[in-house]
Amino acid sequence: MLSDIAAWFITIFLLNPVQAEVQTHLERVNATSETVQQARECISTHAPKLIQRAGSEPVWAVVTAVGVTFGWTSPASLLDRNDPNCAPIAGLLEDGERQEQGS
């Protein structure tokens, strides 16, 4: 039961905002279809890992969700830079965040 609640929580407050952020940045830079596919694969690969971590570390889930919601935690920090599908997406998100901060 607790793991179901954690999965719901992580989906609503982490995965959905990360997916929205990725989609926004991909549209903003007019990303190639290859980059869009990489983003989908990255999120589909790492979503179950984040849900599992949230179930085993509920405090991490709450702190991270609050951080992402209020902009204190970068969605890029949730992506595995060692995954070849995630590295370009994380870089894209970080570049977008730097541009927004510079504005």
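User: How many disulfides does a search of the whole structure find, and which residues form a disulfide?

Analyst: A disulfide is a covalent bond between the sulfur atoms of two cysteines; here the term is applied to a pair of cysteine sulfur atoms within 2.5 Å. Searching the whole structure gives one disulfide, formed by Cys-42 and Cys-86, whose sulfur atoms are 1.9 Å apart. The link of Cys-42 and Cys-86 is right-handed, with 105° about the S-S bond. Cys-42 lies in helix α2 and Cys-86 in the loop between α3 and α4, so the pair ties together parts that are 44 residues apart in sequence. This is a predicted model, in which local features need pLDDT of at least 70 and side-chain atom pairs count only at pLDDT 80 or more, while totals for chains, interfaces and linings use all residues. Residues are numbered from 1 along each chain as its sequence is written, and side-chain values use heavy atoms, with hydrogens and water left out.

User: Are Cys-42 and Cys-86 buried or exposed?

Analyst: Both Cys-42 and Cys-86 are buried, where buried means under 20% relative accessible area, exposed over 50% and partly exposed in between, with a 1.4 Å probe and protein chains only. Of the 103 residues in the protein chain, 36% are buried.

User: Which residues of the largest nonpolar core touch the most other members?

Analyst: In soluble globular proteins, nonpolar side chains tend to be buried together. A nonpolar core is a set of buried Ala, Val, Leu, Ile, Met, Phe, Trp, Tyr and Cys residues joined through side-chain atoms within 4.5 Å. The largest one has 24 residues, of which Ile-10, Leu-14, Val-22, Trp-60, Leu-78 and Leu-79 touch the most other members. Two or more residues of this core come from each of α1 (2–28), α2 (33–56), α3 (58–70) and α4 (87–102), helices being DSSP runs of H or I with at least four residues, numbered from the N terminus. Leaving aside residues up to four places away in sequence, Trp-60 touches Ile-10, Leu-14, Leu-50, Arg-53, Ala-54 and Leu-78, a contact being heavy atoms within 4.5 Å.

User: What is the secondary structure of the protein chain?

Analyst: The protein chain has four helices and zero strands, and from the N terminus on its elements run α-α-α-α. Among contacts in the protein chain with a separation of 6 or more, 62% are between residues 24 or more positions apart.
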